[in-house]
Amino acid sequence: MSFLYIIIVFIVGITFGSFSNAFVWRFHQNKSNKKKNKSYSIVNGRSMCPHCEHKLSYYDLVPVLSWIVLAGKCRYCHKRISISYPLTELFTALVFVASFAYWPLKFNGQGITLFVLWFIIVTGLIILALYDIKYMLLPNEIIIVLFCLVLLQIIISLIFFDKNYHYIINNIIGFVIGGGIFYLLFQISKGDWIGGGDVKLGALLGLYLGNGNLAILMIFIASIIGTLFAIPGLIKRNIGPKSQIPYGPYLIIATIVLALFGSSLIKWLISHGVYV
Ligand SMILES: [Zn+2]
């Protein structure tokens, strides 16, 4: 694996991360400005400062570096620009590089097709996670687009890579387990522990992983990550049992880990006598 490829994938990743930031901001503005008849193009239009909406120049648009040079402040209104912007860009770039380095399939026709589709799907997932962290909501529109992309992947696999009916059954099992566990939690708690968006997200991610064992592992890993993140807050008593914690980002991180390392993890578990 050449160093040059890693640099290219890193730059592509940081660009997709920058797009995710702009997308989340514009999508939320459009959602909340519907009544005011003001709308921002999601694809076109120059990027702007989230506070003063001053259009940004090309030299303000270099991901991460612009933020560092301007010490996290807008060049025009001098208000603080959240560190979440450069962090999202770096995180996306790291996910892209890790995906390239640890892609479980060979880079032949099937591997490359699914790899490119993965970049689009994972960008959608990062957008969802970011939206959930910022606004405590998983928008239906984004979940539906992601469902279509995952179905496209399943159709491509079926038509071009001679998968059989076992493949479809496994996908359905992943979907039912991923969505079903959250649906139960949602019903038992009457929507107190988790939101309806988590049920849809669980089903979507289970369908993507395409396997019941992976869907269960996804929920297990997400719970561990969620607990680790919650401990400092519990100690400082910032969060109590009634606090709302966005669960979507943990599920999404768990899915990214399993998409890359899931089959090796299951092999390892079986070789150590764990029945899965
Ligand atoms: Zn500004």
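**Group meeting: a zinc site and its helical surroundings**

Good morning. I begin with a charge and a ring: the charged end of Lys-134 sits over the ring of Tyr-85, 4.3 Å from the ring centre. A charge counts as sitting over a ring when NZ of Lys or CZ of Arg is within 6 Å of the ring centre and within 35 degrees of the ring normal.

Please note that this is a predicted model, in which local features need pLDDT of at least 70 and side-chain atom pairs count only at pLDDT 80 or more, while totals for chains, interfaces and linings use all residues. Residues are numbered from 1 along each chain as its sequence is written, and side-chain values use heavy atoms, with hydrogens and water left out.

Let me turn to the metal. Which residues coordinate the zinc ion? They are Cys-49, Cys-52, Cys-74 and Cys-77, each through SG, at 2.3 to 2.4 Å. Donors are N, O and S atoms within 2.8 Å of the metal (3.2 Å for Na, K and Ca); water is not among the atoms, so sites may look incomplete. The 4 donor atoms subtend angles of 104 to 118° around the zinc ion, and the arrangement is therefore tetrahedral; for four donors, that term requires all angles to lie between 85 and 135 degrees. The spacing of the donor residues in sequence is C-x2-C-x21-C-x2-C. Cys-49 belongs to the loop between α1 (3-32) and α2 (65-69), and Cys-77 to the loop between α2 and α3 (84-102), so this pair ties together parts that are 28 residues apart in sequence. Helices here are DSSP runs (H or I, at least four residues), numbered from the N terminus.

Buried means under 20% relative accessible area, exposed over 50%, and partly exposed in between (1.4 Å probe, protein chains only).

Next, the aromatic residues. Rings of Phe, Tyr and Trp (its six-membered ring) pair if their centres lie within 6.5 Å; planes under 30 degrees apart count as stacked, over 60 as edge-to-face and the rest as tilted. The count by this rule is 19 aromatic pairs. One of them, Phe-96 with Phe-119, is stacked, with 3.9 Å centre to centre and 10° between the planes. Because Phe-96 lies in helix α3 and Phe-119 in helix α4 (residues 109-135), the pair ties together parts that are 23 residues apart in sequence. Both Phe-96 and Phe-119 are buried. Phe-119 also pairs with Phe-115; this pair is tilted, at 4.6 Å centre to centre and 50° between the planes. Phe-115 and Phe-119 are 4 residues apart in helix α4, so about one helical turn separates them. Phe-115 is buried as well, at 8%.

Helix α3 also holds Thr-92, which is buried at 0% relative accessible area. Leaving aside residues up to four places away in sequence, Thr-92 touches Gly-13, Phe-16, Gly-17 and Ile-126; contact means heavy atoms within 4.5 Å.

Among the buried residues of α5 are Ile-142, Leu-146, Phe-147 and Gln-153. What covers the buried residues of α5 includes α1, α4, α6 (165-188) and α7 (196-209).

How values were computed: Four donors count as tetrahedral if all angles lie between 85 and 135 degrees; four count as square planar and six as octahedral if opposite donors are over 155 degrees apart and all others between 65 and 115; anything else is irregular. Helices (H or I, at least four residues) and strands (E, at least two) are DSSP runs, numbered from the N terminus.
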